[in-house]
Amino acid sequence: MIQLVPLAVLIPLAGAALALAVPGHRRLQQGITLFALSAVVVLSGALMYLVDAAGILVMEVGGWAAPFGIALVVDRVSALMLTVSSIVLLGVFLFSLGQGLADGDDDTPVSIYYPTYLVLGAGVFNAFIAGDLFNLYVGFEILLVASYVLITLGGTAQRIRAGVTYVIVSLVSSVLFLAAIGLIYGATGTVNMAQLTVRIAELPSEIQLLLNLTLLIAFGIKAAVFPLAFWLPDSYPTAPAPVTAVFAGLLTKVGVYAIIRTQTKLFPDSSVDRLLLVIAGLTLIVGILGAVSQLDIKRLLSFTLISHIGYMIFGIGMANAAGFAATIYYIAHHIIVQTTLFLAVGLVERQGGTTSLSGLGGMMRKAPFIAILFFIPMLNLGGIPPFSGFIGKLGLFTVAADLASPEAYWLIGIGALVSLLTLYALARAWVLAFWRTPAQAGAESKHAKPATTEALVLREREQALFERLQDAPDAQPQAEQKEIPKLMFVATTGMVAVSIALTVLAGPLYAYATRAGETLADPGIVVEQVLGDGDGTGGDSPGGGSGRTTVDEGDSDE
């Protein structure tokens with residue numbers, strides 16, 4: 001079982017190397033990528049089952065026991081994140097495969113796209129199973145280097161400009177993270193997170209606060225929390241549709257995951273929990289206010305992405321097992337649903353030639369299936385019962401009500417309001433893009449004389465609405481419609497089906513998240529497993545590594 005752990009990283013890295021070795025063979029690269037991502041999906045599902053049944057898996061790379069060697073740790077949280085992220089990477093890959101078959105290699109140069117995509121996946125997976133801060137940093141750098149390439153694919157001025165902003169902000173975040181690692185190592189003599197659980201608790205409270213805030217700022221930039229999210233709305237929407245979808249679904253959640261790990265392992269008795277609740281409220285409000293003022297659907301979704309990060313910080317700030325459980329479930333929900341929405345918008349852009357609401361209209365009649373593919377995740381993100389978005393938010397609100405603190409009550413109100421505003425912004429976009437007739441669309445009615453007084457009033461209302469909304473800074477003129485290959489429909493439909501599965505399987509999945517939250521709330525479980533009896537030794541195992549498996553306290557009756 002232990003030998004399965006590093007395969008989550010080794011499989012996509014090996015796939016990237018093979019794909020890079022055959023740059024002129026497009027079909028072979030696609031086959032390698034498909035096999036690698038499919039293998040990780042199967043592997044991740046197996047790891048979910050194993051850690052839930054048998055306990056935490058720890059792989060000591062090279063046989064060097066922690067804290068001296070590199071420990072790869074898979075618990076319920078990391079196994080779930082591996083599964084969800086691998087499903088997203090596979091779904092988006094199929095979408096990009098269909099787009100590439102239709103458009104050629106203009107947006108995704110085949111010689112570098114597939115290897116870079118696999119390297120991105122390897123970085124994400126490595127971050128999820130890292131057992132020490134430096135390996136977590138390595139995972140971040142791997143995915144960030146790959147993301148630098150993907151965000152500038154196509155080489156347009158708009159993408160290069162957005163890419164420069166993204167690179168600079170990411171470098172600042174990485175420098176802060178590396179500085180924090182140096183400070184922590186200087187203060188404790190280790191970067192192993194299990195050992196840091198013990199040693200950081202022995203430091204003076206002022207030093208603990210400094211280290212905690214430094215890590216929070218570094219991860220806050222990556223997670224796009226207020227006020228560190230200024231870079232995201234102008235960066236993600238400029239990339240090709242598949243890249244935007246995978247960035248929106250995964251990259252910010254890696255930052256949230258890092259916050260969960262450091263807050264629960266390194267600072268379980270943190271003095272910044274109330275600050276996290278304040279940040280959560282501000283992120284929720286500012287993000288959704290940005291969303292309701294957008295005319296471009298991609299930018300609208302980018303602002304809802306920022307806003308809904310606030311729900312996750314909300315759960316972390318409550319700092320108890322139930323709050324962690326609700327957060328874990330909500331992260332899994334949001335990764336799937338946000339990615340699905342961006343894929344649906346990619347279909348909208350091909351069908352309508354633009355993502356600006358002023359140029360869209362009448363798509364219900366032209367493309368009813370796209371309307372459905374957008375409508376279902378729209379309701380889910382807005383928190384309409386019985387979808388997973390409602391279940392996740394209800395879980396957070398229930399935990400907050402149990403806390404019965406003023407901050408918790410305020411956040412319940414803010415969270416409910418943000419959910420309504422999310423639904424309003426998305427429903428308005430759906431009505432303007434799909435429901436109104438083509439004759440009512442702004443792009444087609446500027447020079448047309450309304451046939452009736454009712455049509456005149458409607459046009460005036462729409463023009464007044466559009467004047468209050470903000471279009472993308474570098475909005476392009478409406479392009480011609482493009483053919484939508486069946487594979488793009490299949491990929492988007494598959495992601496919609498996965499989002500529905502989160503609702504159908506909400507019972508067992510939330511129970512799984514509850515057990516994961518209980519483990520996070522008791523960091524001693526991981527400490528005991530990673531460090532063993534304190535001598536840093538572990539049993540030998542084949543393959544040059546060693547590892548252990550522990551049974552959580554919550555598993556004793558399983």
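A: Happy to. Helix 12 is followed by Ala319, whose phi is positive, near 55°. (Helices here are DSSP runs of H or I with at least four residues, strands are E runs of at least two, and both are numbered from the N terminus.) Bear in mind that this is a predicted model, where local features need pLDDT of at least 70 and side-chain atom pairs count only at pLDDT 80 or more, while totals for chains, interfaces and linings use all residues. Residues are numbered from 1 along each chain as its sequence is written, and side-chain values use heavy atoms, leaving out hydrogens and water.

At the other end of the helix, a side-chain oxygen of Asp296 comes to within 3.0 Å of the backbone nitrogen of Lys298. Between these two ends, helix 12 covers residues 297–318, and its 22 residues should span 32 Å at 1.5 Å a residue. That expected span is 1.5 Å times one less than the number of residues. The end C-alpha atoms are 32 Å apart, so the model agrees with the expectation.

How much of helix 12 is covered? The helix is mostly covered, with 22 of its 22 residues buried, where buried means under 20% relative accessible area, exposed means over 50%, and partly exposed lies in between, using a 1.4 Å probe and protein chains only. For the chain as a whole, 59% of the 558 residues count as buried.

Now for a packing partner. Two packed helices are described by the angle between their axes and the distance between the axes. The axes of helix 12 and helix 13 (residues 321–352) come within 9 Å and cross at roughly 175°. Helix 12 is therefore roughly antiparallel to helix 13. Each axis is a line fitted to C-alpha atoms over the stretch in contact, and angles run from 0 to 180 degrees between N-to-C directions; under 35 degrees counts as roughly parallel, over 145 as roughly antiparallel, 65 to 115 as roughly perpendicular and the rest as oblique.

Contact means heavy atoms within 4.5 Å. On the helix 12 side, the residues that meet helix 13 include Leu301, Leu305, His308, Tyr311 and Met312. Among their counterparts in helix 13 are Phe324, Tyr330, His334, Leu341 and Phe342. Helix 12 also contributes Gly315 to this meeting, and helix 13 contributes Gly323.

Methods. Polar contact = N/O pair within 3.5 Å; in protein donor to acceptor, adjacent residues only side chain to side chain.
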